[in-house]
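This report walks through selected features of a structure, chain by chain. Please look at the sequence and the structure first, then read on.

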Amino acid sequence: MTAQPNVFTMDATQIDIVPIEGELNVGPQHPGSGHLRIYVKLNGDIIEKAELDVGYVHRSVEKLAEVRNYMHLIPLVERPAILDSIHMNLGYILALEKIMGVDVPDRAQYLRSLAAEINRIASHLYGTGILAVFLGHSTGFMWGFGDREVWVEVLQALTGARVTNSYIIPGGVRRDLTPTIKEMIEKAIRYQRKRIPEWKRIFLNNPNIRARLENVGVMSKEQAIAWGAVGPNLRGSGVYYDVRKFEPYAAYDRLDFEIPVYKEGDAYARVHVRFNEIEESMKIIEQIIKEIPQGNILSDRFFKQIPPTRLKKHYETHGKIVFPGYYASFRPPKGEAISRVEAARGELVYYLNSDGSPKPYRLRMVTPSYRTIYVFEQLAKGARYADLVAIYGSLDYFPPEADR
Amino acid sequence: MDQVKIREYDKNKNPFRLFGAHVAAVGEGIKHAIKPKTITLRYPDVSMTLPTNYRGMIRLYKDVCIGCSLCAMICPADAMKMTTWEGKKLPQINYGRCVFCGFCVDVCPVDALRETRVHDAAFQSRRELVFNPDKFNQDFDQTLPVKGTVRKVRAVIDENKGIRYVPDE
Amino acid sequence: MMDILQDIKYVIFYPSFFVMIIFPGLIAGGLFVLFAIWFERKIAARVQMRVGPYYVSRFGGIAQLLADAIRVALQEIIIPAGVNPTLYVIAPIFPLLFAFLPLAFLPIGVIPEQGSVFSAYYHSFFDPGVNMGVIAALPTEYSLIAVLAVEAAYPIFIILQAWATNNRFALVGAVREAYLSVAYDVLILMSVIATAVEYHTLDVAKVVQSGIPGIVANPLAAFVFFVGLIMATSRFPFEIVEAESELVTGPATEYSGLLFLLAMGGSYFGTYVYALYFAAVFLGGWYPLSGFPGAVILFLKAAVIVLFSVFLRSVYGRYRIDQALRNSWRLLLPVALASIVLGIVGGWLWIR
């Protein structure tokens with residue numbers, strides 16, 4: 001900023017003409033959610049270029065992974081996307097299980113899917129809330145968080161913590177589903193079903209919100225594929241792709257569900273995908289509750305190592321798995337594995353390389369938000385300045401997840 | 001692979017429908033203003049009892065502990081450390097580092113650690129966050145500095161309101 | 001002794017003083033604006049599953065706004081480097097002033113010849129149009145447009161304020177205000193012209209005394225004016241100038257302390273004054289009462305309008321600037337034109 005001339009002393013020739021081209025520094029602490037800086041180059045109201053200055057909340061997860069043992073990493077990998085912790089956890093465990101060669105009992109598989117779908121609903125509600133507050137719709141923001149609270153409460157009952165669940169462990173899950181939790185989930189589903197029409201009236205079909213989202217940030221099918229969009233953003237552009245269908249993990253191959261795909265590719269389509277996914281997730285949860293098989297929730301290999309007295313005290317009465325001493329520090333065989341899960345924001349890839357020591361040689365995580373950075377920069381080009389936040393919100397970009 | 005169904009949203013932009021949608025949105029707002037679905041917990045006048053299996057603050061049973069140090073080994077955040085205390089090897093915890101994952105509780109072979117349902121705590125300094133085995137051996141209890149009694153409630157999922165708080169005895 | 005009391009009473013109830021300072025002016029208006037902000041927070045909280053202000057005072061935290069206002073007023077005023085300090089300090093006063101000043105022309109009631117506390121001023125505030133005295137700070141027969149004329153200066157001072165703060169976000173906000181004013185001023189003016197044509201007058205008092213509320217006589221004009229009112233005072237869904245997630249606080253970005261209070265107070269006072277005007281012209285004003293009770297009726301009607309317009313925060317997000325402009329020119333301008341036609345027809349056939 002240049003110093004302003006004194007208006008009372010200057011003559012007409014000294015007046016500063018404000019150029020129509022200019023830069024705006026959005027962030028790094030942004031009232032919406034952004035822990036990132038967006039460097040926006042404007043020409044009038046049109047964005048010429050939006051640069052994402054990522055790394056503001058970088059936590060060095062990949063490097064830290066090289067100095068921690070495998071169990072220590074469970075809470076760590078959750079941290080980048082704390083609102084989607086089950087998926088972050090699940091992807092890592094899937095990769096680890098591939099190296100270890102563990103087979104997971106059916107009931108644990110179903111429970112993994114259950115927790116993941118609950119988490120998906122919570123995460124989508126969070127994302128919708130953030131989008132709403134970006135558009136100035138504070139009710140959508142509060143409703144998103146309020147409804148998410150119900151699902152967080154369910155997760156808390158199931159896993160024992162609100163968001164830092166650390167629920168999935170190598171070979172199974174930590175807690176079993178009890179009738180009380182079943183009842184809670186059924187009630188939560190009924191509640192959410194009642195809420196969706198209300199959401200539609202005040203947010204989704206609100207002409208104001210429609211005006212802000214329709215034909216904003218349009219991404220064609222080809223562009224979405226070329227730019228590497230993932231998850232709901234990809235499906236909003238008419239690409240039928242979901243890891244849950246293409247490479248089923250957990251119990252998804254035994255569950256019947258649809259993948260919502262929208263043709264338009266604009267921000268409104270992406271929001272629609274998220275809302276339909278909430279509905280689909282609720283269908284999946286209902287199926288799981290109905291069909292979940294009986295059995296152990298931990299692989300026999302580890303289950304046998306638990307002392308019988310402790311098993312009786314914890315597992316048989318409270319449905320709680322206690323760890324055998326093995327978990328404190330174990331050495332998986334040499335090898336490498338890659339795992340893919342469909343996290344709430346899209347495809348999440350883990351690459352894990354074990355050299356036979358208790359610590360991984362290398363952990364690589366490709367998070368969905370990381371892949372959104374490029375999409376965002378491309379979509380912002382040529383948009384209006386006010387659309388910056390609509391695009392940002394509709395992509396459901398989560399800075400810590402991208403920074404890792 | 002099942003049938004791929006590509007959906008489209010409704011693009012009707014008839015001015016009358018637009019007006020109708022405006023009326024519906026305002027009506028929804030008025031409906032909620034008249035019949036609110038408040039889920040805010042009026043903390044600290046009201047405080048929440050956490051569910052039985054909640055992973056809150058941890059306590060130690062000093063006499064049960066065998067000093068195997070598995071808890072210190074599995075702790076992902078280096079919060080749990082083994083110390084020699086009155087001639088015995090016992091764990092101490094630093095709540096400044098603890099992430100409440102509960103691994104230590106689950107891995108303890110003799111159940112010398114237990115999760116409590118307490119999660120609300122305030123400390124004056126970082127030093128206080130380190131619990132030596134003696135302090136660790138007690139149930140953590142901190143009364144809230146609130147005038148009058150704090151009502152204890154329990155969150156229950158409700159079909160109409162989302163979350164309802166019922167008094168907890 | 002009695003004489004002095006009489007004199008004090010005369011001065012206090014002298015319409016020019018009473019309207020501007022006491023009721024519905026500075027004191028009543030200021031308290032009502034605080035109430036409106038409290039109401040905005042409380043009603044939004046109810047819609048949004050929250051509680052809202054709660055602790056300050058017994059009744060629903062109603063003193064919260066007073067507490068906030070005192071806190072903000074006592075904060076340090078930071079004057080950024082590179083601005084002209086004089087201009088920076090005086091700039092936020094103008095929008096507030098020009099949001100408030102139009103009240104001077106707005107009649108808030110009529111004075112009967114006898115029986116009212118205002119009857120003493122019957123002759124000095126006589127309005128030949130309605131054949132009665134009017135309670136107005138500056139009685140004029142052209143009050144219908146005089147109010148708008150002064151109010152129209154408001155956006156200019158918003159731009160001045162933004163320019164004085166020398167901040168990019170503020171400038172973008174000011175440019176948006178400039179664009180938006182083109183849209184809403186036209187709408188407001190056209191709906192008022194429709195009313196003027198229909199009632200054959202430019203005097204608010206005469207419109208009210210005709211006994212037919214504008215919303216009955218010309219519902220289209222009332223609707224257009226209401227939308228224009230929301231736009232003019234940056235209420236949701238047209239809170240485009242201050243757009244928090246895009247522009248921090250728009251033209252008020254750099255202000256802190258008392259200056260921030262002044263900078264933000266303008267739009268609320270604007271809403272209040274516009275609402276009084278709307279209540280007088282379209283909602284039947286004080287009719288059939290006169291004197292002070294009539295003014296109270298007018299105030300209550302305006303209060304409902306203000307509270308409804310702040311309630312819209314919990315229903316809407318904000319439009320984009322081009323959408324607000326397009327909607328107002330493409331959708332509302334035809335309605336405004338139709339309202340003029342309706343006004344002509346109504347004035348010709350119905351209202352003599």
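## A loop residue in chain A

A:L177 is placed in the loop that runs between β5 (172-173) and α6 (179-204) of chain A. The model is a predicted one. Is A:L177 buried or exposed? The relative accessible area of A:L177 is 7%. Buried means under 20%, so A:L177 counts as buried.

A second residue of chain A gives a sense of distance. A:L177 and A:D256 are 79 residues apart along the chain, and their C-alpha atoms are separated by 21 Å.

Two packed helices are described by the angle between their axes and by the distance between the axes. In chain A, helix α14 (residues 368-380) and helix α15 (residues 385-394) have axes that come within 10 Å and cross at roughly 150°. Angles over 145 degrees count as roughly antiparallel, and α14(A) is therefore roughly antiparallel to α15(A). The crossing in which α14(A) passes α15(A) is right-handed.

Chain A also has a charge placed over a ring. The ring is that of A:W143, and the charged end of A:R195 sits over it, 4.1 Å from the ring centre.

## An open sheet in chain B

Three strands of chain B form an open sheet in the order β4-β5-β7, and their pairing is antiparallel. Which strands stand at the edges? They are β4 (80-85) and β7 (130-131) of chain B. Each has a single partner strand, so one side of each is left without a neighbour in the sheet.

Strand β5 (residues 88-94) of chain B is joined to β7(B) by two bridges, and the two strands run antiparallel. Within this pairing, B:F131 of β7(B) is the bridge partner of B:I93. B:F131 also takes part in a contact with a charge: B:K135 lies over the face of the B:F131 ring, at 4.2 Å from the ring centre.

B:V46 stands opposite B:R151, which belongs to β8(B).

β8(B) also pairs with strand β9 (residues 162-167) of chain B, here in the antiparallel sense and over six bridges. One of the residues involved is B:A155, whose bridge partner in β9(B) is B:Y165. β8(B) and β9(B) form a hairpin, with three residues between them.

## An open sheet in chain C

Chain C has an open sheet of three strands in the order β1-β3-β2, with antiparallel pairing. The edges are taken by β1 (109-111) and β2 (126-127) of chain C; each has a single partner strand, so one side of each is left without a neighbour in the sheet.

How many bridges join β1(C) to strand β3 (residues 132-135) of chain C? There are three, and the two strands run antiparallel. In this pairing C:V110 stands opposite C:V134, a residue of β3(C).

## Aromatic pairs and helices in chain C

A pair of aromatic rings is described by the distance of the centres and the angle of the planes. Over all chains, a search of the whole structure finds 51 aromatic pairs. One of them is formed by C:F225 and C:Y274, with 6.3 Å from centre to centre and 65° between the planes, which is edge-to-face. C:F225 lies in helix α12 (residues 219-232) of chain C and C:Y274 in helix α14 (residues 257-282) of chain C, so the pair ties together parts that are 49 residues apart in sequence. Both C:F225 and C:Y274 are buried.

C:F278 and C:F282 form another aromatic pair, tilted, at 5.2 Å centre to centre and 40° between the planes. These two residues are four apart in helix α14 of chain C, which means that about one helical turn separates them. C:F278 and C:F282 are both buried. Chain C also has a cluster linked by ring pairs, with C:F13, C:W38, C:Y272 and C:F299 among its members.

Helix α12(C) also packs against helix α16 (residues 321-349) of chain C, at an angle of about 150° and with the axes 8 Å apart. The two helices are therefore roughly antiparallel to each other. α12(C) passes α16(C) in a left-handed crossing.

Technical notes: Residues numbered from 1 in each chain as written. Chains lettered and ligands numbered in written order. Predicted model: local features only at pLDDT ≥ 70, side-chain atom pairs only at ≥ 80, totals over all residues. Heavy atoms only, no water. Pairing = 2+ DSSP bridges. Phe/Tyr/Trp six-rings, centres within 6.5 Å; stacked < 30°, edge-to-face > 60°. Buried < 20%, exposed > 50% of the residue type's maximum accessible area, 1.4 Å probe, protein only. Lys NZ or Arg CZ within 6 Å of the ring centre and 35° of its normal. Axes fitted to C-alpha atoms, helices over the stretch in contact; angles between N-to-C directions. Parallel < 35°, antiparallel > 145°, perpendicular 65-115°, else oblique. Left-handed = near helix turned anticlockwise from the far one by under 90°.
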